[in-house]
Amino acid sequence: MHVTTLIPALTAQARLRARHSEGCACSEPHAVLADRTDATVVRHAQVVAKAHAPGTPEPALTARLAAAAHPGLADTLLAPLSARPTRLHDRLVTFWPYGAPVDRDDPDAAPWEAAATLLARLHRTPLARLPRPLPPMRGPEKAARAVARLRAAAPHPAASPVERAWAVLPAWARDEAPCPGPSYLCHGDLHLGQLVRTPPDPRLGHLGHLVPAHPDPRSGRPGSAPADRWRLIDVDDLGTGDPAWDLARPAAWYACGLLLPQEWTRFLNAYRAAGGPAVPADGADPWPVLDVPARALTVQTAALATAKAVAAGRALDEVEETFVDACRRMAAVPPDLAPTCTK
């Protein structure tokens, strides 16, 4: 379906869903939240409709939706309005409740602790609890696709350092081999844009407690969700793999000097306090397990930035140059190939 017909058709589907929900004023104009080659997202009232990328495998997306809909993850993932995708011509479509995103104009209020706590909960989820097996998380696949996109673009001076930094990574980080070590439930594409604040979930009690409460896997005691309503969204990359990958983007930004040390420390400390398994819990240096994923996310970011700059016929901006410069440094120093999981 061409984009000129996709957005109206998707909006009509969102409006239809919203008519059956509370608080719908169907005279409200729709809002296009995203319109990219990999996703088109529209909102009507409190319903969000997402058309996933062309060619998205239906069994994999269905498994990911089932995980997001599972009551045991009610305090972590935003639940879809339906646990199965529908088809709109050639695209798979899913429906979600609207959640307020992170305020980009107020960086001082960035919910680093909430993001870290949600990740730790996700990573601690026993895979056996999920209603069906999940495919591997798509982090390494997306990094490899970014490099492929760079290679398909016209020649650019930044391509060489990005390629060299990519070449020194281990095969699993380049999506050429399975991830070593034990697998955990991972988001696969964590950044602050993947958090929303939502209204109360019907699966939760009035104080935010799970009904029924699920046990903390470290202690066996019943756990509960805080009243704060932050949830993770976007399950397209959800799956099993190395949990360090979910910490890799903030780690890369910190290593590149784009995330303040105090913000990185807040994020890391909150993840440890919530029992996250990706890094040592005893305060030891986390970088041996974060080095490879952080390098891969740095390469991915630099590759995408360069490809987009080539397509737009513009120069790299200052932030984009920072990632390319990091690739130059990384290519000269081999990565730390320590085990990727700590537990």
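This talk walks through one structure, sheet by sheet and then through its cores and one of its helices.

Before the details, please keep in mind that this is a predicted model, in which local features need pLDDT of at least 70, side-chain atom pairs count only at pLDDT 80 or more, and totals for chains, interfaces and linings use all residues. Residues are numbered from 1 along each chain as its sequence is written, and side-chain values use heavy atoms, with hydrogens and water left out.

Let me begin with the open sheet of 5 strands, whose order is β1-β2-β3-β5-β4 and whose pairing is antiparallel. When I say strand or helix, I mean a DSSP run, E with at least two residues for strands and H or I with at least four for helices, numbered from the N terminus; and two strands pair if DSSP finds at least two bridges between them. At the edges of this sheet are β1 (31-35) and β4, each of which pairs on one side only. From one strand to the next, the twist averages 30 degrees, where axes are lines fitted to C-alpha atoms, for helices over the stretch in contact, and angles run from 0 to 180 degrees between N-to-C directions. Helix α2 packs on this sheet and touches β3, β4 and β5, with a direction that makes about 10 degrees with that of β5; contact here means heavy atoms within 4.5 Å.

Now look at β3, residues 47-52.

Is β3 buried or exposed? Of its 6 residues, 6 are buried, so the strand is largely enclosed by the rest of the structure, where buried means under 20% relative accessible area, exposed over 50%, and partly exposed in between, with a 1.4 Å probe and protein chains only. Both faces are covered, with V47, A49 and A51 buried on one side and V48, K50 and H52 buried on the other.

By contrast, consider H89, which lies in the loop between β4 (86-88) and β5. H89 is exposed, with a relative accessible area of 61%, and its phi is near 60 degrees, a positive value in a residue other than glycine. Another such case is D234, not a glycine, with a positive phi of about 70 degrees, found in the loop between β9 (230-232) and β10 (239-241).

There is also an open sheet of 3 strands, in the order β6-β8-β9, again with antiparallel pairing. Its edge strands are β6 (100-101) and β9, each pairing on one side only. Helix α3 packs on this sheet, touching β8 and β9, and its direction makes about 50 degrees with that of β9. Between β6 and β8 there are 2 bridges, and A100 stands opposite R197 in β8.

Turning to the interior, a nonpolar core is a set of buried Ala, Val, Leu, Ile, Met, Phe, Trp, Tyr and Cys residues joined through side-chain atoms within 4.5 Å. Which residues touch the most other members of the largest core, which has 50 residues? They are L195, L238, L247, F267, Y271, V279 and L290. Elements giving two or more residues to this core include α2 (58-69), α6 (248-255) and α7 (261-273), while α3 gives the most, with 8 residues. Leaving aside residues up to four places away in sequence, L290 touches A244, L247, A251, W264 and V279. A second, separate core of 31 residues includes W166, A248, A296 and M330.

I will finish with helix α4, residues 139-152. Its 14 residues should span 20 Å at 1.5 Å a residue, which agrees with the 20 Å between its end C-alpha atoms; the expected span is 1.5 Å times one less than the number of residues. The buried residues of α4 are G139, P140, A143, A146, V147 and L150. Seen down the helix axis, these buried residues fall within an arc of 120 degrees, so they line one face of α4, the arc being that of the directions from the axis to the C-beta atoms. They pack against α5 (159-167) and α8.
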